[in-house]
Amino acid sequence: MRINILPKDVADKIAAGEVIERPVSVVKELVENAIDAGSTDIIVEIIGGGKESIRVSDNGSGIEKDDVEKAFLRHATSKIRATEDLRKLDTLGFRGEALASIAAVSRVELITKTEDARAGERLLLHGGETISSESIGCPRGTTIIVRDLFYNLPARLKFMKSEAAESGQIIDMVSRLAITRTDIRFKLISNGKAVFSTLGNGDLKAAILAVYKDSEYKELISCERQEGKLKVHGYISRPSFSRANRRSQYFFVNGRTVKSSVIEKGLSLGYKERLFDGRYPIAFLFLDVDPALVDVNIHPNKREVKFDDDVAVTSLVRDAVIDALTKRDAVVTSSDSSSKFEEKVSSYTAYKTKDKTIANIKNHESESNRIVDFESGEQVGIRDFLSSEKRTEKRTGKKDSGLNAEAPDSSSKSAGSISDTFGTPDIEKPINQPFDFDELKFGEIIFDTYITATDEDNFYLFDQHAAHERINYEKFIAAYLNEEKNSQLLLLPIIVDVPAEILDEDGWQEALKRMGFSLELFGENSFVFREIPEFIEIGEAEGFIRTFIDEYAEGNTLRNHVVIDKLITKACKSSIKAHDTISKEEVDALIDELKNCENPFSCPHGRPTFVKFRLYDIERMFKRVQG
């Protein structure tokens, strides 16, 4: 077998295939170069989804006359000079491959001029080969026109998608860049028609509305938090606005649009108990981080990033979202579509309580909120017990990196607290103008279900059942975290067979004991249970035990879908239900307990505990105001 050195034109075409996959790749590289050149105006024009023509014009610094042809050489770049520069990148492009790759598979025309030059330069290339070069009169900046993409690669041309599909990808990509750099005026034109145009005035929300034109985006709320060298800011949706998928979630790191499971995980944890299962928030989140603490050089298209500290990023995003959702603006209003709350949830029956006295919920943040680790036998925080990440990794050989895993402890919270374990927001020390229950004046109850209240500018309706569910849920969690578990003795013990592979393991046994179960070996592969915890109904106990053991044996995360589902069910069953008549004193007690909850805004299922009617909306209904 002989080793051949590939001709330059062949090598360039192969290299181009790694960088230029389709028209959107060309637009991305050219626009990012325009941004790095200091442009304040960028115009993108495409014809035929970019397959026929792509034109990107900017008013940036331009290219020096002597560097015009050099710019199209492979690995020619103005962004880096030495290896250490890779650890402090703050530009979008840096590889020096884009222009060379684009030129290798298309017909390219470049027109450029620097501010000090008396004339501009025009360069024409076909398939990477220079056809002509001349001086030309033109304004400062750079215009690059790419025609007949993949004209010399018929095989690649065959796999191009339809014009609409290619246009859609370009529009999505330029849209992301436009909201990333709100200080730049972007204009996108497709087949001669303007798609959008931004103002370039630095207003992020104005840019979002100009680009996406979605009426719901007007209701986005701001989100911001900083910890050390990490800062996150942007806009997120109120819990009443959600999607059936993650397509409306946009993440950016140091101005670069990215895909990040780390940021995604923090966002999901922040919305825990605020959304129904299968619903996802809208988010435009921007992470600013020291370039030395993030690696963007891990994929040719630079869409993926690697952080030095994933834990810190996840915790920062989670806490920023929780902070934002305690704002007044996050409260569900009457203008929200009622269909948002018609999602299907697990069916349950709410029974009228015999004793409607609302007990105080105590915050159990002590050393007693610990539990025995599955493997080591050491006492750990309850959240560590529920996640069982280390045990899963040891048993299956795979690390649980999914979104169902909990974020590690934040240094600002006590281990084992309700906030740490279940992600509910701490409103004892809120920021950013939180909702203040003490400003409300409470009135009558209508339909034996909804408690009325007002403040200076709004009218509120509180759902007595949803509010009591939230109170009871946090009460049961506090009891569950308590060292002293209340158990109930079974008249007829439960006997359960245990899979042989975990029969001798202490982890699952200790975990169940810590919950309040009493168990002991009964025969060769069975255990007998004589006591069960108070938070489980006797008729449900056997199913709970079997599910718990099966999940453990499969190496699955035991985070919350076993224990917490039972707590939610019990909260429903023991709560005041709709149409129950309650006294004024009971209303006062209910509201007093609700305002002291860690998450007073929604029940455990994600339904709102109260809805706000703005004075403006009411006056508009009576035709007192326009709009």
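Colleague: Between which two helices is the loop in which His579 is found?

Modeller: His579 is found in the loop between helix H15 (563–573) and helix H16 (584–595). Helices (H or I, at least four residues) and strands (E, at least two) are DSSP runs, numbered from the N terminus. This is a predicted model, in which local features need pLDDT of at least 70 and side-chain atom pairs count only at pLDDT 80 or more, while totals for chains, interfaces and linings use all residues. Residues are numbered from 1 along each chain as its sequence is written, and side-chain values use heavy atoms, with hydrogens and water left out.

Colleague: Why does His579 count as exposed?

Modeller: Buried means under 20% relative accessible area, exposed means over 50%, and partly exposed lies in between (1.4 Å probe, protein chains only). His579 has 58% relative accessibility and therefore counts as exposed. Its phi is near 75°, a positive value in a residue other than glycine.

Colleague: What makes Asp448 partly exposed?

Modeller: The relative accessibility of Asp448 is 33%, which is why Asp448 counts as partly exposed. Asp448 lies in the loop between strand S20 (441–446) and strand S21 (450–454). Although Asp448 is not a glycine, its phi is positive, about 50°.

Colleague: Why is Arg246 also called partly exposed?

Modeller: Arg246 has a relative accessible area of 25%, so it is partly exposed. Arg246 is found in the loop between strand S11 (242–243) and strand S12 (249–253).

Colleague: How do you know that the length of helix H2 agrees with its number of residues?

Modeller: The expected span of a helix is 1.5 Å times one less than its number of residues. The 14 residues of H2 should therefore span 20 Å, and its end C-alpha atoms are 20 Å apart, which agrees. H2 is followed by Gly38, whose phi is positive, near 80°.

Colleague: Why is H2 described as largely enclosed by the rest of the structure?

Modeller: Twelve of the 14 residues of H2 are buried, so H2 is largely enclosed. Among these buried residues are Val24, Val27, Leu30, Val31 and Ile35. Leu177, located in helix H5 (residues 163–180), is in contact with Val31, Ile35 and Phe186, leaving aside its neighbours within four places in sequence. Leu177 and Ile35 are 142 residues apart in sequence, and their C-alpha atoms are 9.4 Å apart in space.

Colleague: What makes a set of residues a nonpolar core, and how many residues does the largest one have?

Modeller: A nonpolar core is a set of buried Ala, Val, Leu, Ile, Met, Phe, Trp, Tyr and Cys residues joined through side-chain atoms within 4.5 Å. The largest has 52 residues, and those with the most contacts inside it are Val27, Val31, Ile42, Phe72, Phe186 and Phe284. Helix H2 (residues 23–36) gives the largest share of this core, seven residues. Apart from it lies another core, of 31 residues, including Leu490, Met515, Tyr552 and Ala553.

Colleague: How are the axes of helices H13 and H14 placed relative to each other?

Modeller: Axes are lines fitted to C-alpha atoms, for helices over the stretch in contact, and angles run from 0 to 180 degrees between N-to-C directions. The axes of H13 (residues 507–515) and H14 (residues 538–553) come within 11 Å and cross at roughly 145°. Gly507, Trp508, Ala511, Leu512 and Met515 in H13 meet Phe544, Phe548, Ile549 and Tyr552 in H14.

Colleague: By class, what residues make up the contact of H13 with H14?

Modeller: Ala, Val, Leu, Ile, Met, Phe, Trp, Tyr, Cys and Pro count as nonpolar, Asp, Glu, Lys and Arg as charged, and the others, Gly among them, as polar. The contact has eight nonpolar, one polar and no charged residues.

Colleague: Why is H13 called largely enclosed?

Modeller: Seven of the nine residues of H13 are buried, so the rest of the structure largely encloses H13. The buried residues are Gly507, Trp508, Gln509, Ala511, Leu512, Arg514 and Met515. Just after H13, Gly516 takes a positive phi of about 125°.

Note on methods
Contact means heavy atoms within 4.5 Å.
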